[in-house]
Amino acid sequence: MEQRVSLKRTSLYVSGSSPANINEAVFYNEDCIVYDLEDSVPTSEKDTARLIVYNALRYQRPADKYVIIRVNGIYSEFLDEDLEASVRARPDALRIPKVESAEEVQKISAKVAEIESQVGIEVGSIELWCNIESYLGVINALEIASADPRVVALALGAEDYTASMKAQRTKQGLEMFYARNALLIACRAAGVDAIDMVFSDIDDLEGLREDVSMARNLGFDGKTAIHPRQIDTINSFFTPSKKEINYALRVLAAVEEGKRLNKGAVALDGSMIDKPVELRALTTIAQARAAGIKIGGENHAG
Amino acid sequence: MQLKHPAVAGTLESSDVQVTIHPNNGMGLDIRIESIVKAQFGDAILETVEEVLASFGIAEALVRINDKGALDWVIRARMQAAICRGADCSFDWKGEDA
């Protein structure tokens, strides 16, 4: 399946019950803001959080962010009204907690379609991010990622996953190693983005660096941030280095030259350039451009 | 819409507003605003409060606004929540499609 290129380096959670946090979030460097109606909102405040998030997006939508609303769980009594409010707020995506099967995704998608149709939004325009937060979610990651065209990302949730596994959470994260890889493989097979888990200790920036370095090396497209102070560190790992950009440009130039000469196979520095190498190069360039890096004599971010 | 009992929404944290609303049968609207920015934005706050009340068809209510520097959309959201709570009803989302 064709893989898409997009910028989802950091997604910052902001509570739907905190106008102050919502106001501040637009001033940080995160790529995605996740307006939360779930865990950060007390049960007694679900009604007001919906109205806060709806009005925030209707009257003060951040212009340069990918906007996500995390609704309450699939089996929660709050979900139906969350969807009524959230679809009308016209976010880029909805983030669905604790997804464990394709059927769950399809049910949500059908409900979203119904509301999109009522509201007059193009049906299918609101994307879905599925949170994978249990062993069953990990086992079924591929069917979840492939369940519906709306699904553009899977995001790993470590706390609930380790609880479901009876595992202990550690900073090194070996207990998450299999889940991270399983989720990544599913995302790559389905052609959707893979978003890594939260690093919970907001005071440990060195630990965060090690954790996000691992995530980047494994292949993740981004990471969820739990605090604004984590954003720049995470972004720095998911923004291509000058060396990576130069290599990507050389790869793409070699591919172009191969096409011009009508060559079936192209090599660079003695290695064959196959389709995945070309795709990685395209991703690198797109991420660099989206991060505002000027490439190849450009005088503006393309 | 008929208010059935007093209701509160919002907090006294910075950038928020606490709205308290009471039924005021036969006595019309009584809106009182306390705000750290009343001198600059008192009229705008009043306008938003009246607009939300009108959108629910409420012509009789005691409304107390304790504003800690909330933006217009926060006042709107807290007003809507307080009214729904006071009227024991859910927000009419389909009404937003008009």
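## Close-up views of a predicted model

View 1. The structure is a predicted model, in which local features need pLDDT of at least 70, side-chain atom pairs count only at pLDDT 80 or more, and totals for chains, interfaces and linings use all residues. Residues are numbered from 1 along each chain as its sequence is written, chains are lettered from A and ligands numbered from 1 in the order in which they are written, and side-chain values use heavy atoms, with hydrogens and water left out. Helices (H or I, at least four residues) and strands (E, at least two) are DSSP runs, numbered from the N terminus. Two strands pair if DSSP finds at least two bridges between them. Strand β1 of chain A covers residues 10–15, and β1(A) pairs with strand β8 (residues 222–225) of chain A in the parallel sense over 3 bridges. Strand β2 (residues 32–36) of chain A also runs parallel to β1(A), joined to it by 5 bridges. Within that pairing, A:Tyr13 has A:Val34 of β2(A) as its bridge partner. From β1(A) the chain crosses through helix α1 (residues 19–25) of chain A to β2(A), in a right-handed β-α-β crossover. Right-handed means that, with the strands pointing away from the viewer, the path from the first strand over the helix to the second runs clockwise.

**View 2. Both faces of β1(A) are buried.** Buried denotes under 20% relative accessible area, exposed over 50%, and partly exposed in between (1.4 Å probe, protein chains only). In β1(A), 6 of 6 residues are buried. The side chains of A:Thr10, A:Leu12 and A:Val14 point one way, while A:Ser11, A:Tyr13 and A:Ser15 point the other way.

View 3. A:Asp36 of β2(A) stands opposite A:Ser15. A right-handed β-α-β unit is made by β2(A), α2(A) and β3(A).

**View 4. A:Val105 is a buried residue of helix α4 (residues 102–119) of chain A.** Its relative accessible area is 3%. Contact means heavy atoms within 4.5 Å. Leaving aside neighbours within four places in sequence, A:Val105 is in contact with A:Val99, A:Leu128, A:Cys130, A:Ile144, A:Ala147, A:Asp148 and A:Val151. A:Val151 is 46 residues from A:Val105 along the chain, and the two C-alpha atoms are separated by 8.3 Å.

**View 5. Helix α8 (residues 177–190) of chain A has a span close to that expected.** The expected span is 1.5 Å times one less than the number of residues. With 14 residues, α8(A) reaches 20 Å from its first C-alpha to its last, against an expected 20 Å. Buried residues of α8(A) include A:Ala179, A:Leu183, A:Leu184 and A:Cys187, as well as A:Arg180. Just after the helix, A:Gly191 takes a positive phi of about 75°.

**View 6. A cluster of rings links A:Tyr54, B:Phe56, B:Phe91 and B:Trp93.** Rings of Phe, Tyr and Trp (its six-membered ring) pair if their centres lie within 6.5 Å; planes under 30 degrees apart count as stacked, over 60 as edge-to-face and the rest as tilted. Over all chains, the whole structure holds 4 aromatic pairs. One of them is A:Tyr54 with B:Trp93, edge-to-face at 5.1 Å centre to centre and 80° between the planes. This pair crosses between chains, from helix α2 (residues 46–60) of chain A to the segment after α2 (72–87) of chain B. A:Tyr54 is buried at 4% relative accessible area, and B:Trp93 is buried at 5%. The rings of B:Phe91 and B:Trp93 have centres 4.6 Å apart and planes at 65°, so this pair is edge-to-face. B:Phe91 is buried too.
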